[in-house]
Amino acid sequence: MVAQDFSPAFEAWETETYLKGTTRDQTDVESRTVGAAILMLFALPQIAHGFRNLYMISIGISLFVAGGVLDAFTLNVLGPHAKRLYGRLRMWTALSWGAGTFAMGIINDHYGFGWNFVLYAAFAVIQLLAVGFSVDPTKRSKSDGAPLENPQKEVLMKVLTHKHTIAFFVEIFVFAMGMGVIEKGLLFVFMIRDLKASTTLCGACVGVTVLFELPVFQYSEKILQTLGHDGIVSIAYCCYIVRVFGYTMLTPETKHWILALELLHGFTFAGFWIAAVEHTRALTPPGWSSTMQSLLTGTYQCFGQGIGAIAGGFVMKHLGSAILYRSTATMVTALLMYKIVIALFVPSMSTTPTLVQASFHEDVRDLEVSEKASTEL
């Protein structure tokens, strides 16, 4: 199956993403250039044929993904305004994603799939030129007064091994597995194979997903202030459960109702993502922004969604789509119950970064005092 062919590249993707993060705030122009060039190999039938070739091309693309670094750079540039402005900037990505996917579905139906890669290359060149000439890769925020030039590894390790941080990333991983059966191609396999949908409907499906993403990203600050991290994540889980269980109720005659279900993607992804990025930013010790955001991206997009897509492809092939989506709905229901139980009965285990922040700020002061004493001696 298509998703099974491509998703194993998550291992290489995650490793490269994390390594890029440790360099902190470098521009991703080089990565995007090479990634776009490798993706163009899909347009060459002499190369893009057979499982092995498609698999190797997918791994090559995944080695040059730097989403976490780009998020970290954006947050650093925004500085104290990150909570207010990050969602608004991310909204434009959602808008272009939806419009582009819808247009590519129509192009594929009328002119063939190869044109998608040609258009991708053209827009990639435009993006690279814009980033290369307008973004200063040395620009970063020092609004917190932290010593960005000399980040403390001891502080980072203490944050990463804190029980709140571990619980947070485990939750990210589990939910990402559920999202992997939607966002890594299995939904399109289900639509085309089970619902007899056209590629135009598949493109429209993605276009619809961004409609509710736009207001969520636009008003992300107010949503975060009103609902908080746990509130937003709980709503995202509820939307996911309704969404994937609804898939199992569709038939070829009612397939267009999937557009209504995809409206729930607004909170399923956009709400969850703004909460996750902000929570990670709050957990981040001084000087480790790219590493932490890359860890978030790797856990969600690579490990979580990759494993979810592999397992989901196997289940879909051998047990059917209905079993797959009902199983993931049950898994996320269990995740929602976990959050409710923790919030009601073990509030001290709630994934708030307050205690972690206090801990690493105290460690920073201790290390600075230690270094100063060593220098004087």
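Accessible areas were computed by the Shrake-Rupley method with a 1.4 Å probe, and for residues only the protein chains shown count as cover. On this basis the protein chain exposes about 18000 Å², of which carbon and sulfur atoms supply 68%. The model is a predicted one, in which local features need pLDDT of at least 70 and side-chain atom pairs count only at pLDDT 80 or more, whereas totals for chains, interfaces and linings use all residues. Residues are numbered from 1 along each chain as its sequence is written, and side-chain values use heavy atoms, with hydrogens and water left out.

The protein chain holds 17 helices and zero strands, where helices (H or I, at least four residues) and strands (E, at least two) are DSSP runs numbered from the N terminus. Of its 377 residues, 48% are buried, that is, under 20% relative accessible area with a 1.4 Å probe, protein chains only.

Helix α11, spanning residues 199–218, is mostly covered, with 14 of its 20 residues buried. A kink of about 30° lies at F212 in α11, shortly before the proline P215; the bend is the angle between axes fitted to the seven residues ending at a residue and the seven starting there.

Leaving aside neighbours within four places in sequence, F175 is in contact (heavy atoms within 4.5 Å) with Y237, Y240, T268, F272, Y300, V332 and L335.

Definitions and conventions: Buried means under 20% relative accessible area, exposed over 50%, partly exposed in between (1.4 Å probe, protein chains only).
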